Amino acid sequence: MYLLAILLPSLLAHPLLTSCKAIPPLLKDCALQALRGSDAAQRIVTPQDETYTDARLGEKIHFSSYSALNNTLVIDLGHINYVQVSQDRKTATVGAGIRLGALYLALNQYDTSFAGGICPTVGLTGLVGAGGFNMQMRALGVSSDHVLSAKVVTADGKTVAASATSNPDLFWAIRGGGGGTYGVVVELTLQLTPLPRSAMVDISWNKTENRFPVAKRFLEWAPRQPKEFTSQINIFKSTVQILGWHLGASKPELQALINDSGLLEIGEPHSQIGGNCSTDNSRIFGVITSECLPDDKVDASILNVVPDPFTKYEDSAQFTYAETPITTSLATAEPWSRFRRLSKSFFVQKDNLVDDDTLREVVDRVAQLDDAAEVWAEWHAWNISAKGNSAFAWGDQAYAHLEFQAHGSEDSATQAVYEKWFADLESYLRPAVG
């Protein structure tokens, strides 16, 4: 497996695969022929390079590394990260490799934004390809609903336009149908949405016995709240936390919503509710702050990520290339840590809710692994009101999304225990939710 580190925008008019048909089947030679620029060789990483292990892996490392197959070419689009906003500020043409944090900072200059997720290191095309969970989605829809068109390099090496009127089947598939499947998306045209000042909530409980009643109440309550309120619950080994973004609401409005939820009557919660939150403040709420701060006190530097914004992988040498942030007016974000990651996701559907016995069992399982696993359940309230027209399959029926994550281990015996835990979770919970 080779890594083509950077695919320059100049390649968009150059048929990558077509150019390779008449030459020997050596991926490196093929890539060298396709790339332009005097530093082409510098941008290709092969298994013989000391940076190979680091370069071929993404943010959070799955132990089996399913995306890095033998005899394949991985293309890192991270440096195709331009942002061109239309004169009326309603749309933006964006390099498909841009990270969300960089996109948001670029759009800030035009007093507008995009309905995207909170994590600043997530790549835009991966987000859109998977549908695009975000903390405004119950009112505005998933991120893929806000894509107007795309440029895609297809398997025959051609660059084609995809939209509702041009290659509509391809346009349908690349939005929510799975990333890296139907072509290489190199550019997206986005519908922009100025986001209003909002209210945020962070509630936490520090006793193990609070986890089940809080989880039960959250699932009964959160997906049924006003569409402007999107929330999640994080269940850890001995604690539990709820985060929420009430789009366009005031602090008193959100306080009334929380007071009526019944959540504050469980145990001894610590509740932090803020109002008049700017969009940048809202995106970092629960990550580096639990307050709605005055605008001049909001440190948005966590959004100012470079194209490859991660720490090196374990003891491997790190691959870097032109790691320049989107703006120099803020400090560059610290690199995000990589770790061996295991995860499993389930959708709860509106017509098949989880019963109490199943929920209690699942919550109890979160406490079964050792502390080193750092296992947690991250569950999101869905019940989306906005209806999209894309390949994303869960927009209409999803009531909640249940994700489970853990850190893997270099020790093979410990890793086997972790993998069995996830396999057992699959065997137990999948029949219950479908």
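## Ground rules

The model is predicted, so local features need pLDDT of at least 70 and side-chain atom pairs count only at pLDDT 80 or more, while totals for chains, interfaces and linings use all residues. Residues are numbered from 1 along each chain as its sequence is written, and side-chain values use heavy atoms, leaving out hydrogens and water.

## Confidence

Let's start with pLDDT, the predictor's confidence in each residue, from 0 to 100. Its mean over the chain is 89, with 90% of residues at 70 or more.

Residues 5-25 stay under 50. For this stretch the model has 44 contacts (heavy atoms within 4.5 Å) beyond four places in sequence. Residues 61-66 are also below 50, with 13 contacts beyond near neighbours in sequence.

## Nonpolar cores

A nonpolar core here is a set of buried Ala, Val, Leu, Ile, Met, Phe, Trp, Tyr and Cys residues joined through side-chain atoms within 4.5 Å; buried means under 20% relative accessible area, exposed over 50%, and partly exposed in between (1.4 Å probe, protein chains only).

The largest core has 46 residues, and Ile233, Trp379 and Phe404 have the most contacts inside it. A second, separate core holds 25 residues, among them Ala96, Leu103, Tyr104 and Leu190.

## Two positive phi angles

Now to the loop between α9 (279-284) and β14 (340-349), where Glu314 sits. Helices (H or I, at least four residues) and strands (E, at least two) are DSSP runs, numbered from the N terminus. Glu314 is not a glycine, yet its phi is positive, near 50°. This residue is partly exposed, at 32% relative accessible area.

Ala322 is found in the loop between α9 and β14. Its phi is about 45°, positive although Ala322 is not a glycine, and it is partly exposed at 48%.
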